[in-house]
Amino acid sequence: MRQTLGSTLGQKLLMAITGLGLILFVIGHLTGNLLLYLGMDAYNEYAYALHANENLLHVVEIGLLLLFVGHIYFAIKVSREHRKARPQGYAMRRSKQNRSPLYASNIMLFSGLIILGFVLLHLADLRFNLRHTVGPGVEPATHTLLVLQDPISGTVYFLGSLFLGYHLWHAFESLFQTFGWNHPRYTPWIKRLGILLAIILGVGFASFPVWGLLLRLGVIS
Ligand code: HEM
């Protein structure tokens, strides 16, 4: 067991398992955030319910942190292995071998690092409250809207969400391959499902800063 987990295949499996955990988290997170569109009260109720048991929330947060750190750690290890296996990577990238594992892991690593930057800013904004002065009585929905309307956060959230969609498009397909779930009949459907999920999550998250901007400009109310 230890040997398998230490091998490249084992690392790919751990990357896929942590990635699956993160996909489930972002689906849940988007669903919760969509309550903003139902009204500020619906969103506030949800946010207060989330914070009703702070101890449980901390356990979930530690789990999430482990998923993020584990996923990034194994992703870097796997892409290093690919690089070692193909030292002539740069030349290969320019050839018809565009879809080599090295190429795929490079674009995943790149989009993954952009998402990491976005998540770090996001945590500074809404988890640690480091960038905006928010008084104790301010409701969660008002705080979230304030962050979404910040020009830097709004732009980074918009672009970061599109990169998230792009990352997930490839991730979903590759997840099934890593688990060995390949079938000539189902694989094309898995690809389509991956694209659909990527669009829903990417466009879904990107819609929030756009909504914040439209509210600010008075286009909607
Ligand atoms: C762009 C739209 C998004 C909005 C409006 C949003 C909103 C929020 C809010 C309000 C919180 C604070 C929750 C609380 O403690 O009450 C939060 C936390 C968090 N968000 Fe987002 N989020 C967005 C996108 C994302 C994305 C795309 C990811 C991941 C890729 C993400 C990852 C996180 C994480 C890890 C936390 C910390 C969870 C915790 O510590 O409890 N968010 N988000």
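How many helices and how many strands are there in the protein? The predicted model has 9 helices and 0 strands. Along the sequence the pattern reads α-α-α-α-α-α-α-α-α.

**Overall dimensions**

The C-alpha trace spans about 55 × 40 × 35 Å along its principal axes. Of the 221 residues in the protein, 19% are buried. Among contacts with a separation of 6 or more, 73% join residues 24 or more positions apart.

**Ligand shell**

The ligand is surrounded by 20 residues, and the closest are Glu 61, Leu 126, Tyr 157, Phe 205 and Phe 208. By class, the shell holds 13 nonpolar, 5 polar and 2 charged residues. At least two shell residues come from each of H2, H3, H4, H6, H7, H8 and H9. H6 gives the largest share, with 6 residues. The residue ranges of six of these helices are listed below.

| Helix | Residue range |
|---|---|
| H2 | 8-33 |
| H4 | 54-85 |
| H6 | 101-127 |
| H7 | 140-148 |
| H8 | 151-178 |
| H9 | 187-217 |

H4 consists of 32 residues, and the distance from its first C-alpha to its last is 46 Å, close to the 46 Å expected at 1.5 Å a residue. Buried residues in H4 include His 71, Phe 74, Ala 75 and Val 78.

Two packed helices are described by the angle between their axes and the distance between the axes. For H2 and H4 the angle is about 140° and the axes are 8 Å apart. The crossing of H2 past H4 is left-handed. On the H2 side, the residues that meet H4 include Leu 14, Met 15, Leu 22 and Phe 25. On the H4 side, the residues that meet H2 include His 71, Phe 74, Ala 75 and Val 78, which are also buried. The contact of H2 with H4 comprises 10 nonpolar, 7 polar and 3 charged residues.

**Tyr 48**

Tyr 48 lies in helix H3, which covers residues 40-50. Why does Tyr 48 count as exposed? A residue with 12 or fewer other C-beta atoms within 10 Å is classed as exposed, and Tyr 48 counts as exposed because it has 11 C-beta neighbours inside 10 Å. Tyr 48 and Leu 214 are 166 residues apart along the chain, and their C-alpha atoms are separated by 26 Å.

Definitions and conventions:
Residues are numbered from 1 along each chain as its sequence is written. This is a predicted model: local features need pLDDT of at least 70, side-chain atom pairs count only at pLDDT 80 or more; totals for chains, interfaces and linings use all residues. Helices (H or I, at least four residues) and strands (E, at least two) are DSSP runs, numbered from the N terminus. A residue is buried if 20 or more other C-beta atoms lie within 10 Å of its own, exposed if 12 or fewer, and partly exposed in between; C-beta atoms are placed from the backbone. A residue is near a molecule or strand if its C-beta atom, placed from the backbone, lies within 6 Å of it. Ala, Val, Leu, Ile, Met, Phe, Trp, Tyr, Cys and Pro count as nonpolar, Asp, Glu, Lys and Arg as charged, and the others, Gly among them, as polar. The expected span of a helix is 1.5 Å times one less than its number of residues. Two residues are in contact if their C-beta atoms, placed from the backbone, lie within 7 Å. Axes are lines fitted to C-alpha atoms, for helices over the stretch in contact, and angles run from 0 to 180 degrees between N-to-C directions. A crossing is left-handed if the near helix is turned anticlockwise from the far one by less than a right angle, and right-handed if clockwise.
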